[in-house]
Amino acid sequence: MACAGTGVALFGGTSVLLTACGGCNKEGMMDMGGAATEVVEGAFDAMLPVPPTMPATAATLSAQRTTAGVFKGKTSSVSGYQSGGILGSTLTATKGDTVNAVFQNNLNEASNLHWHGLLTPANMDGHPKDVAQPGGSLTYAFPVVNRAGTYWYHPHPDMKTAKQAYEGLAGFFLVTDAEEQALGLPSGEYDLPLVIQDKRADSNGNFSYSPDMTDMMNGLLGESVLVNGVHSPFAEVVARTYRLRLLNGSNGRIYNLALSNGEAFILIGSDGGLLAAPEAVTAILLAPGERADVLVSFAGQAVGSEVFLESKTFDGGEYQGKQAFSILKFKVAESSTNSFEIPAVLSGYALLPEASATRSRSFDISNGGGHGGHGGGMMAMHNIGGKSYDESRIDETITAGATELWTFDNTEGIDPHPMHLHGALFQVLDRTGGRGQVFPHEKGWKDTVLAMPGEKVRVIAAFGQEKGVFVFHCHNLEHEDSGMMLQMEIN
Ligand code: C2O
Ligand code: CU
Ligand code: CU
């Protein structure tokens with residue numbers, strides 16, 4: 001493939017001139033020349049904060065610029081959903097509740113809330129066109145129809161999702177139901193929501209969003225890995241079983257999560273709630289947007305011992321997975337007589353047979369043609385099937401309540417793409433090419449699935465009953481904001 005010379009790529013509302021030929025490799029893809037960002041660990045001497053909980057039935061979230069103690073001894077300027085602090089409260093609800101959340105936009109740009117993983121009416125879903133202007137507010141009201149699980153919320157304004165999430169806007173939304181409650185899983189202080197995010201900070205500890213071309217191609221990868229808004233924190237635990245709700249809330253970074261003592265995670269849930277049965281896994285490759293609900297036992301660990309949550313190396317294309325690093329330190333501070341027994345059966349959810357799909361759709365997410373601005377002319381940097389986001393165009397039309405087979409085909413691609421659907425939950429059927437299998441944390445109900453370079457992933461999606469326009473996109477937020485998002489109308 002020959003280079004077409006100079007193209008113009010659009011992102012963030014500005015045009016960037018790409019001088020292409022000098023950086024083309026033999027496949028005709030542009031090599032942006034950026035080395036993988038090295039993660040720099042901190043001292044693991046700052047306490048892990050746990051966001052306060054707030055009932056989703058009476059919530060107020062005020063997006064604003066504020067400050068937070070992200071790095072020990074420094075005050076960082078960040079965004080949060082309250083004054084004085086990054087991120088937002090953990091919203092809690094029981095299936096069947098009616099959410100009532102007031103969103104106050106105290107930012108100097110348009111914003112909104114998207115309830116990632118929750119099935120909501122189209123006008124409550126945080127579509128990029130449904131925003132509050134600076135000083136404005138929006139009220140979100142909808143019934144919680146999802147099963148118990150670990151969901152989350154974040155902004156979704158057009159071309160500003162990456163920036164606003166990066167600056168600190170995100171929070172958990174935990175749903176419980178009778179099925180989950182009957183299991184007696186670890187709760188209260190033994191149920192820890194952990195959002196993992198990487199940031200790039202200056203020497204004052206401030207992170208401002210200014211992605212360069214490499215960041216726009218790869219997703220912005222930061223050198224500092226935060227948990228619940230604090231760099232390299234530690235948590236004091238008692239020697240018993242904990243429930244950890246792991247959320248990759250990063251813009252672009254993928255983590256291969258493991259425990260430093262080699263113990264397994266007992267996986268109990270994925271994006272959309274509990275698995276059928278627990279499964280022991282020693283590593284979980286978690287892409288942006290994905291969740292893994294795990295039990296970790298510190299029982300039998302001596303008081304004073306330390307266990308790290310870490311990310312191991314993995315085969316992640318050109319710029320991910322090259323380095324192992326620690327994320328969070330658990331310090332066993334107290335013994336315990338608690339003897340939690342892991343239930344043998346977790347949930348009786350039904351598997352959707354492939355034959356129940358009434359339609360198939362396939363999406364080429366290899367980003368051929370658009371990648372790096374080849375071909376000249378104006379084009380977005382990332383696309384789905386050659387198309388990039390256009391609010392005035394409906395790309396797919398779907399019948400409410402339909403079951404469909406969707407294929408995300410990254411066979412020719414060179415970048416990982418975690419693909420995410422609004423307005424539906426799905427089950428992963430199979431993966432061909434690349435890793436060639438469905439992993440334990442991809443069982444159950446999902447809303448985001450990772451397609452590595454060379455992979456084709458098939459999912460069976462159950463669309464909701466709510467009619468209207470929804471989006472689906474890559475959850476690498478730089479990819480999303482530079483066009484890797486389409487619209488579907490459910491009717
Ligand atoms: Cu978490 Cu449309 O996104
Ligand atoms: Cu979403
Ligand atoms: Cu992508």
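Trainee: Where does N228 lie in this structure?

Mentor: In this predicted model, N228 lies in the loop between β14 (224-227) and β15 (230-231).

Trainee: What makes N228 buried?

Mentor: N228 has 23 other C-beta atoms within 10 Å. A residue is called buried if 20 or more other C-beta atoms lie within that distance, so N228 is buried. Its phi is near 50 degrees, a positive value in a residue other than glycine.

Trainee: Why is M159 called partly exposed?

Mentor: M159 has 18 other C-beta atoms within 10 Å. Buried requires 20 or more, exposed requires 12 or fewer, and partly exposed covers what is in between; therefore M159 is partly exposed. M159 is found in the loop between β11 and α1 (161-167), and it has a positive phi of about 60 degrees although it is not a glycine.

Trainee: How do you know whether S388 is buried, exposed or partly exposed?

Mentor: The reasoning uses the count for S388, which is 19 other C-beta atoms within 10 Å. Because buried needs 20 or more and exposed needs 12 or fewer, S388 is partly exposed. S388 lies in the loop between β26 (378-380) and β27 (396-398). Its C-alpha atom is separated by 37 Å from that of S232, a residue 156 positions away along the chain.

Trainee: What makes the chain as compact as a globular protein of its length?

Mentor: The chain contains four helices and 34 strands. Its radius of gyration is 21 Å, close to the 23 Å that the globule rule gives for 491 residues, so the chain is as compact as a globular protein of that length. Along its principal axes, the C-alpha trace spans about 70 × 50 × 50 Å. Buried residues make up 51% of the 491 residues.

Trainee: Which residues have the most contacts inside the largest nonpolar core?

Mentor: That core has 115 residues, and those with the most contacts inside it are F173, L194, I196, V227, L246, L286 and V294. Strand β32 (residues 456-463) supplies the largest share of this core, five residues. Leaving aside neighbours within four places in sequence, L246 is in contact with residues including L194, I196, L257, L286 and V294.

Trainee: How do you know that β18 pairs with β21?

Mentor: Two strands pair if at least two bridges are found between them. Strand β18 (residues 255-259) and strand β21 (residues 284-286) have three bridges, so they pair, in the antiparallel sense. L257 stands opposite I284 in β21. Three bridges also join β18 to strand β23 (residues 306-311), again antiparallel, and there L257 stands opposite S311.

Trainee: What makes β12 a partner of both β7 and β11?

Mentor: Four bridges join β7 (residues 90-94) to β12 (residues 171-176), and these strands run parallel. Five bridges join β11 (residues 149-154) to β12, and these run antiparallel. As pairing needs at least two bridges, β12 pairs with β7 and with β11. L174 in β12 is the bridge partner of T92 and of T150.

Trainee: Which parts of domain 1 touch domain 2?

Mentor: The chain is divided into domain 1 (6-26 + 349-490), domain 2 (46-181) and domain 3 (188-334). The contact takes 17 residues from domain 1 and 16 residues from domain 2. On the side of domain 1, the elements that give two or more residues are β33 (468-474) and α4 (477-481). The residues of that side divide into four nonpolar, six polar and seven charged.

Notes. Residues numbered from 1 in each chain as written. Chains lettered and ligands numbered in written order. Predicted model: local features only at pLDDT ≥ 70, side-chain atom pairs only at ≥ 80, totals over all residues. Domains from an automatic or database assignment. Contact = placed C-beta atoms within 7 Å. Nonpolar A, V, L, I, M, F, W, Y, C, P; charged D, E, K, R; others polar. Rg over C-alpha atoms; globule rule 2.2 N^0.38 Å. Core = buried A, V, L, I, M, F, W, Y, C linked by C-beta atoms within 7 Å.
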